[in-house]
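Please look through the following structure, first as a whole and then at a single residue.

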Amino acid sequence: MYSHQITAIAGPHRKRKRVGRGRGSGHGKTCGRGSKGALSRSGATRCSLKEGGQMPLFRRLPKRGFSNALFGVDFQVVNVGRLEAFEDGAEVTIERLLEAGLINKPQMPVKVLGDGRLTKKLTVYAHKFSRSAQDKITSCGGEVKVLPLG
């Protein structure tokens with residue numbers, strides 16, 4: 001008999017442990033949690049970073065390398081297809097994007113990406129443009145104006 005045949009007979013699921021059902025069950029009174037202490041209480045969890053007096057792993061390992069977290073720039077993204085909401089010949093500024101609900105924070109820089117179709121001639125002001133977005137805006141006779149970052 002093979003192990004896969006045994007599990008087929010026994011079934012795929014193990015029975016749930018019913019605790020607190022009397023001493024005869026083997027899981028009565030303290031329900032297998034021992035007595036007293038934080039871990040015997042409901043809602044208790046162990047912090048995986050604590051090592052009980054041993055120097056924690058994240059303090060034992062050397063800190064080296066570079067992280068771009070302090071220097072990276074987060075952009076609010078607007079796709080070209082969403083600019084179709086503006087009328088033909090309009091100037092699409094940061095304020096107009098905010099009014100239209102396409103961006104949330106006026107202080108964060110905006111990047112225009114090339115997803116979608118554009119059929120209107122627009123002058124778009126943003127901090128960055130993808131190559132495809134730039135091509136789609138200019139192919140419709142529109143203009144791309146790059147705003148300075150910062």
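In what order do the elements of the protein chain run from the N terminus on? They follow the pattern α-α-β-β-α-β-β-β-α-β, and the secondary structure comes to 4 helices and 6 strands, where helices (H or I, at least four residues) and strands (E, at least two) are DSSP runs numbered from the N terminus. This is a predicted model, in which local features need pLDDT of at least 70 and side-chain atom pairs count only at pLDDT 80 or more, while totals for chains, interfaces and linings use all residues. Residues are numbered from 1 along each chain as its sequence is written, and side-chain values use heavy atoms, with hydrogens and water left out.

As for overall dimensions, the protein chain has a radius of gyration of 31 Å, whereas a compact globule of 150 residues would have one near 15 Å; the radius is taken over C-alpha atoms, and the globule rule is 2.2 Å times the number of residues to the power 0.38. The C-alpha atoms fill a box of roughly 85 × 45 × 35 Å along the principal axes.

Of the 150 residues in the protein chain, 20% are buried, a term that stands for under 20% relative accessible area, with exposed over 50% and partly exposed in between (1.4 Å probe, protein chains only).

Thr-123 lies in strand S4, which covers residues 123-126, and Thr-123 counts as buried because its relative accessibility is 14%. Leaving aside residues up to four places away in sequence, Thr-123 touches Ala-90, Glu-91, Val-92, Glu-143 and Lys-145, a contact being heavy atoms within 4.5 Å.
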